[in-house]
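The following paragraphs go through a few parts of the structure, chain by chain. Keep the sequence and the coordinates at hand while reading.

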Amino acid sequence: MSNLVHVRDLTVKFVSRDRTVHAVNGVDFDLDQGEVLCILGESGSGKSVTLRALMRLNPPTRTVMTGTLNVGGQDIITASDREIESIRGRSVAMVFQEPMTALDPVFTIGQQIRETVIRHEGVSKADAHKRALELLDLVQIPSAERRLAAYPHELSGGLRQRAMIAIALSCRPKLLLADEPTTALDATVQIQILLLLRRLQRELGMGVIFVTHDLGVAGEIADRIAVMYAGRFVEEGAVREVMRHAKHPYTQGLLGATVHEGMRGKRLTTIIGSPPNLANLPTGCAFAPRCPSADAACLEAVPGLDGAFGAHRARCIHQPAEAMA
Amino acid sequence: MTLAPIPDRGGPAQPLLLVKDLSKHFGKSGSVVRAVDGVSFAIRKGETLGIVGESGCGKSTTSRLIMGLIDPTAGEVIFDGEHVGPGGLSVAEFRRQVQMVFQDSYASLNPRLTISESIGFAPRVHGLSREATNARVRDLLAAVGLEPDQFAQRYPHELSGGQRQRVNIARALALRPRLIILDEPVSALDKSVEAQVLNLLVDLKAEFGLSYLFISHDLNVVQYISDRVLVMYLGRVAEIGPVDDLYAHPSHPYTRALLASRPSMDPDHRRTTPPLTGDPPNPVNVPSGCRFHPRCAQVMPKCSAAEPEMVKINADHQAACFLAETVPA
Amino acid sequence: MIATIFRRALYSLPIALAVSLFCFLLVHIAPGDPINAILPPDAPADVVAQVKEAYGLDKPLPVQFGIWLFRVLHGDLGRSLATGRDIWPDLHSALANTLVLAAAAAMIGFPLGTMFGSIAGAFRGSWIDRAAVVLAVAGVSVPHYWLGMVMVVIFSVLLNWLPSMGASPDGSGVWALDWGHLSHIVLPAITLSVIPMGIVTRTLRGIVGDILNQDFITTLRGKGLRRGGLIAHVVKNAAPQALAVMGLQLGYLMGGSILVETVFAWPGTGLLLNNAIFQRDIPVLQATILVLSMFFVGLNLAVDLAQALLDPRMRR
Ligand SMILES: Nc1ncnc2c1ncn2[C@@H]1O[C@H](COP(=O)(O)OP(=O)(O)O)[C@@H](O)[C@H]1O
Ligand SMILES: Nc1ncnc2c1ncn2[C@@H]1O[C@H](COP(=O)(O)OP(=O)(O)O)[C@@H](O)[C@H]1O
Ligand code: SF4
Ligand SMILES: [Mg+2]
Ligand SMILES: [Mg+2]
C-alpha cells in the first residue's frame, strides 16, 4: 500500500440515545504523496466529519466508524489512543476554518507552536523557539519575534490563519488537512492564503485534503475534486474534468447556482428542496427528491460510482448530458 | 388606513436616495474609528446599487446611518428630494419607505413570534386591520416562495437559513417600501440557496417596483445583481460606476486588486501572485493622502502627500485616484 | 501590566471612599444625637465635651467625615460603648480569628469544589457529573445553623471527639498552630466550607464543560497533545473565572460567618458583630463593617489583577 491515504467504504455515525446521525455513508478514495484533493459540498454534507475521521478527532464517545482507513500505513480505526496521539500533529496536521476560536486565547502564538514541536520531537525550548521563528518565516509573517509573543486576539484574521498554518506545519507533516481555511477571510486575504498553501504544499511535498464549499477556491488549489452530498462522494475526478464536464446532476446544479462572471441578466439555476435528514436517509440515491432527472429506478438502490478508481466518475444512473455547466 | 404604496414625488430623474458627505466616527478623541468618512452617492429610482469592499471598510455602518439606526457625525440623507430628519421627512415616515434585511437571518427575527406575527407586526402597528394584515402576510409569504399554509404559524428555529431569509425579505416588504437595504443578505447561505434568494430578489424588484442598496463582500454576487457599483475603502468611496463599465475597466488600483482577488474559475490559468498583501487595515489610524497608498501597487510620491479628488472617467463613472483619467467621449 | 495595576487600584479608590462614607454615616443614621451612638448614656459631661471636640460634632458633616477618616487612617477606630475599651485591639484579634477560620474553610471547600467541579465538567452527563451536581445543590442549600448543630451533636456530644466551643483550649482568643487549636477549628471550618464548596463545584463544572467544548480543544487534540498537555490549557483558561468566584466566596466567608461563629462561639468578627448588634454598640459595628468592607475591596482588586495577569484579553 503506497498511498498516503487509503480509504474504503468509510462510514461515520453519531449515536445518541434518541437518534443516529449517518454523517458519512461509504466514502472511498486514495491520496498520493504530494496530491491535493478538494472535498466540495454544502453545509452538513459531511465534509468536516470525514476530515476529522482521518485523525479520529470526532467525539470518541458518540462516534462509530467502520470501513478501512489508512493514513501513512497506519490503520486509524484500530490504532490505540497512544498511537493516534503520536500521529496527530506529526505526520497528519489540521488547519481549521475559524483561526480565532481554533487557537487558545490565553496562550501566545509562540507557546502554541513550541508545545507541538516539543511534544513530538522532544527538543529543548530554545530549539523549539528557533523552529517557531523559521515557521513564521515560512508562512510569511513579518516581525516574527514580536508575533511569537502575541496572543491570537492581537493578530489580524489573515495573520491568525497563517499562524494556524505554522502550527500545523511545525512537525513537517506528510498530510495536511484543511477545513475551509479561507472561508472566514476576505477575498483579498483568501487568495494570499491559497497561494501560500499551494507553495508550501509543493515545497514540502505534502498531500493535502482541502475542504471547501466554494468551487472557485477548489479551482485554485485542487488536483482532484470530490463532490460530497449526504455523506457520500457523488462525483470525483480531476479538477478540470469536474469543473468543465460535470456528470452528476447535483454538481451541475451547484455549478449553475454558483454566481460567476458573465451570468448577469441570466436566471440562476437552483436546486429545489433541501438536503436529506441524515438521521433518516432515503434508500436510493440521496439526491433523488431534488433531482430533475430522477425516476423510480433512482430510489431502488444507492447508485455506485461508475468508472475506474481515480477516473472521472459519478454516482448517477441517468447521467444527464452536461448541459449547463 | 390601507397602507397604499407611496406615490413617487420628484419624477424618474430625481434620485430616490441621496447621501451627502456622510460620516461616522466612533470613539473619543485619541482613538477615533473613522468608520465612514465623507461618503456621497445616489440611488436612482428602480436601480440596484451595489456596495463592495473588504470587511471593516464601513459598509454596514453606511447602511445603518442611512436607516437612522445610528446618528451620523456629519452629512445628510435626502429621500426623493426631501431631507430626512427634523424639518423634513420624519424618521417614522422614512422608515416606512426604506426597509432593511441583514446577514444573520436568525438574529433578525424574534424567536418567540410566529412567522406570520413577525411579518404582520409592522402593518398592525401602522393601523391595518387584523383581517387585512393576515391577507397581506399570506400574499407576502407566497411572494417570497413560502407556502402560507405551511409556514405562517411556524417559529424561526423551525426554518432553514434560506427560508428565514425569505421571511426577512417578506417582512421588509410588508409596508410596501420603495427602497430595501440588503446588508450581506446571502453571505451566510449555501450556494444553491444563495441562487434561490438572488432570483427571488430579482423577481420582487420587478413585481413591486423596488430599488435596492445591496451590500456584499462577494464581487460576483454584486456584479450579478447590481446596476451600478460603489467600491468602498477605509470609510471612503474609491470608485463608483455602472457595473459593466466598472468591472471591465476598473480605474482605481483597489478595484483592480479586488477584481483580481476573485478565484479564476479556471484550473489552467490560476492566480499566481496575490493582488494585495496584508489584511484590510483598521480605520483607527488612517493613512495620510490616499488611504490606499500603503497597499497600492502603483503608488507615487504624491499619493501619501495629498488626497486624490474624485475623477470623472465618463458621465457616470468616477474614481478617487491620481491615475484615473477622463476618457474623452 | 504596571499601568493596569495602577489603573485598577485607582478604580477601587472611589469604592473604598464610598464604603467609608457609608460607615461614617452609620452613626448619623442611627436615631437620636450622634453622641449617643458614640458614648454610653451615662458618660460624664466632660467626656462628652471632650469627644464632641475630638470628633468635631459641632462642625459641618463633610468636615466631620474628614476628621473621622483621618483618625481611622491612623488606627483610631473609637471606643466600644459596651466595654469602654479601644476598639482596635479587640477587632484585631477577632479579625485574625475570622481570617483563620475563613482560610481553613477555604482550604477545605475550594480544593474539593475544584476537584468535584472539574471532574463533573470533564465528564458531563456521566454518573460522576450527576453526583457532583447533587453535592453542589446540597452544599448550597443546607442551612449553616442546622449543619453546625448536627455536627456538634454527632462529633462533640455523642462521640466526644472534638470540642464544640471557642477557638482554643485555654479560652483565650489567641490563635496558635497546635493540636489543641486545630481541634477547635475543625467543626466550624467544615460547616463554613460547605457553601463555597457547592458554589465552586457548580461554577467549575460550568467553566470546564464550556472550555472542553471550545474549538481550540479540537486543535490541541489535533496537535497530538496528551491529557497532561490538555489540562494545562484547561487550567489556564479556567483560572480567571474560577479565581473570581473564589475571591468572592472568600469575601463571603469573611463577612458571612456570623451564624457559624455564633453556633461555635468562635471569637471572630461575626461574633463581634453579633454582640455589637444586640448591644447597639454602634462604634464597634461601624469599625467592624468598615474593616471587613475594606478587606472585600482589597480582595476584589487582587482578583482583578490576578485575572488580568492570567488572561491577556483582560489587560486593558
Ligand atoms: N459530533 C457530532 N454529533 C452529532 N452530529 C454531528 C456531529 N458532528 C457533525 N454532526 C452532523 O453530521 C453532519 C455532517 O456535518 P459536517 O461534516 O460538519 O458537515 P460539513 O459538510 O458542513 O462540514 C451534520 O448533519 C452534522 O449535524
Ligand atoms: N459601534 C461601533 N463602535 C466602534 N467601532 C465600530 C462600531 N461599529 C463599527 N465599528 C468599526 O467601524 C468599522 C466599519 O465597520 P462596518 O461598517 O461594520 O464594516 P463592514 O460592514 O464594511 O465590514 C470597523 O472598523 C468597525 O470595527
Ligand atoms: S492615488 Fe495613488 S495610492 Fe491611491 S490608488 Fe491611486 S495610485 Fe494608488
Ligand atoms: Mg464543516
Ligand atoms: Mg458588515
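In this predicted model, A:H248 counts as buried because its relative accessibility is 2%, and buried means under 20%. The residue sits in a loop of chain A, between α10 (239-244) and α11 (249-257). A:E235 is 13 residues away from A:H248 along the chain, yet the C-alpha atoms of the two are separated by 6.3 Å.

Chain A also contains an open sheet of seven strands, with mixed pairing and the order β6-β7-β8-β3-β9-β10-β11. Its edge strands are β6 (92-95) and β11 (313-314), each of which pairs on one side only. Strands of a sheet pair through backbone hydrogen bonds, either parallel or antiparallel. For β6(A) and strand β7 (residues 175-179) of chain A, the sense is parallel, and four bridges connect them. Within this pair, A:V92 has A:L175 in β7(A) as its bridge partner.

In chain B, the strand to follow is β10 (residues 236-242). Five of its seven residues are buried, so the strand is largely enclosed by the rest of the structure. Which strands does β10(B) pair with? One is strand β9 (residues 228-233) of chain B, which runs antiparallel to β10(B) and is joined to it by six bridges. There, B:V231 has B:E239 in β10(B) as its bridge partner. The two strands form a hairpin with two residues between them, and in this hairpin B:L234 takes a positive phi near 45°. Another is strand β12 (residues 317-319) of chain B, paired with β10(B) in the antiparallel sense over two bridges.

The last stop is the surface of chain C. A nonpolar patch is formed there by C:V153, C:I154, C:V157, C:L158, C:L159 and C:W161, which together have about 610 Å² of accessible area. One of these residues, C:V153, belongs to helix α7 (residues 144-158) of chain C. Its relative accessible area is 42%. Because buried means under 20% and exposed over 50%, C:V153 is classed as partly exposed.

How values were computed
Residues numbered from 1 in each chain as written. Chains lettered and ligands numbered in written order. Predicted model: local features only at pLDDT ≥ 70, side-chain atom pairs only at ≥ 80, totals over all residues. Heavy atoms only, no water. Patch = residues over 30% accessible without salt bridge, like charges linked within 9 Å, V, L, I, M, F, W, Y side chains within 5 Å. Areas by Shrake-Rupley, 256 points an atom, 1.4 Å probe, with all protein chains shown as cover. Salt bridge = Lys/Arg side-chain N within 4 Å of Asp/Glu carboxyl O. Buried < 20%, exposed > 50% of the residue type's maximum accessible area, 1.4 Å probe, protein only. Pairing = 2+ DSSP bridges.
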